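Subject: A structure for you to look at

Hello,

Here is the structure I promised to pass on. Please open it beside this message, and then read on for what turned up.

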Amino acid sequence: MTEKVMILGSGPAGWTAAIYAARANLDPVVLEGGHVQGDLPGGQLMFTTEVENYPGFPEGVDGQEMMMAFKKQAQRFDVRIEEYTGAESVDLSQRPFKVKDSQGKEWETHALIISTGASANWLNLESEQYFRTRGLGVTACATCDGAFPRYRDKPIAIIGGGDSAMEEATFMTKFSNPVYIVHRRDELRASKIMQERALKNEKIKVLWNSTVEEVLGDDEKGVTGMRLRNTHTDQVNDVEIAGFFLAIGHTPNTAFLNGQLETDDKGYLVLTKPHGTQTSVEGVFAGGDVADSTYRQAITAAGMGCKAAIDAERWLAEQGIE
Ligand code: NAP
């Protein structure tokens, strides 16, 4: 059987595409993702506390709750969902396209919507990965892990100087004290409002011009400290912490495409038609963070997912596939 449209990914872009495609009678299948260990289906909002800037929620909304609501809305239109399943590989060299999923199942589809998002970056220090893979105090998700007893009333560090670092630092002050923000420059990248909110919090201390040399600790206690180098003075010093939280940006999830779609120099999918979601292969559309290094917001991702579904619907009609 050849599907009319398959949607890869289940963040705001994927679910919005699914809702629109289902309502257009395209009977879409969503490969939900979350198949990689340490990941969750639902995208980055699953790792966000309060979403305050999505219109329609005047009091704000919890990120996980919001994604559950997106999914429920898709289910209302009988979208077929392959849970905890992602695309392992695709063959876009001929139509219908072929998709092999992470359970080993092979699919064929006339149109494809890629909304696989982006994943957290790591410093890739040996010590960081050692404690991370053993669950001993290194994480890229304060929202998921911040409430663990390990961090209660202890000092912790957030690495990064963007909005995520400010948000996670502010969130962690509920549990930890002090919360260090370790930033490699003397100026933050974060928006003014997020900076102000974080910097006025007495529990937050910024360690400027600092890079991390090593995460310190042992198998019994987990993370106990970090070794920092001052980029101006080259001085090295150790700081006591119980948790090491990364907030240094994300990389678009395109590895499974194996170079079959054009990307920009940062790895984001290139959209080839003005204002549209068509990628470099006809019949393949993309929406959300995987194709957007500029806006990267839930609302823009949802908007792109909507556009991708409408583009796919029109393209299928042009091909005589209704
Ligand atoms: P980001 O804006 O790319 O910031 C990444 C930060 O990590 C930068 O400060 C960067 O330093 C630092 N960094 C990157 N690689 C590093 C390395 N190898 N070592 C040390 N530091 C490193 O990423 P983000 O904060 O995740 O935000 C991504 C997007 O989501 C942004 O558009 C942001 O506005 C949005 N966002 C919005 C909200 C909200 O509105 N509620 C919350 C979170 C994120 P440099 O500054 O020196 O480059």
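Which helix gives the largest share of the shell around the ligand? Helix 5 does, with 3 residues. Before going further, two notes on how to read this. The model is predicted, so to speak of local features a pLDDT of at least 70 is needed, side-chain atom pairs count only at pLDDT 80 or more, and totals for chains, interfaces and linings use all residues. Residues are numbered from 1 along each chain as its sequence is written, and side-chain values use heavy atoms, with hydrogens and water left out. Helices (H or I, at least four residues) and strands (E, at least two) are DSSP runs, numbered from the N terminus.

The ligand

The ligand is surrounded by 19 residues, each having a heavy atom within 4 Å of it. The closest are D163, S164, R184, R185 and R189. By class, the shell holds 4 nonpolar, 9 polar and 6 charged residues. Here Ala, Val, Leu, Ile, Met, Phe, Trp, Tyr, Cys and Pro count as nonpolar, Asp, Glu, Lys and Arg as charged, and the others, Gly among them, as polar.

An N or O atom in the side chain of S164 is 2.6 Å from an oxygen atom of the ligand. For the side chain of R189, an N or O atom is likewise 2.6 Å from a ligand oxygen. G162 takes part through its backbone, where an N or O atom lies 3.4 Å from an oxygen atom of the ligand. The protein buries 75% of the 920 Å² that the ligand exposes when taken alone, with accessible areas from the Shrake-Rupley method and a 1.4 Å probe.

Next, look for an open sheet of 5 strands in the order 10-17-11-12-13, with parallel pairing. Strands pair if DSSP finds at least two bridges between them. Strand 10 (138–139) and strand 13 (204–207) are at the edges with a single partner strand each, so one side of each has no neighbour in the sheet. Strand 10 pairs with strand 17 (residues 243–246) over 2 bridges, and V138 has F244 as its bridge partner in strand 17.

Helix 5 (residues 163–172) lies across strand 11 (156–159), strand 12 (179–182), strand 13 and strand 17, where contact means heavy atoms within 4.5 Å. Helix 5 runs at about 165° to strand 11. Axes are lines fitted to C-alpha atoms, for helices over the stretch in contact, and angles run from 0 to 180 degrees between N-to-C directions.

Another open sheet has 3 strands in the order 14-15-16, with antiparallel pairing. Its edges are strand 14 (210–218) and strand 16 (236–240), each with a single partner strand, so one side of each is left without a neighbour in the sheet. The twist averages 25° from one strand to the next. Strand 15 (residues 222–230) and strand 16 pair over 5 bridges, and R227 stands opposite D238 in strand 16. Helix 3 (residues 126–133) lies across strands 14 and 15, at about 45° to strand 14.

Most peptide bonds are trans, and most residues other than glycine have a negative phi. The bond from N177 to P178 is cis, with omega near -10°, and P178 is in the loop between helix 5 and strand 12. N258, which is not a glycine, has a positive phi of about 50°.

Best wishes

Terms used. Polar contact = N/O pair within 3.5 Å; in protein donor to acceptor, adjacent residues only side chain to side chain.
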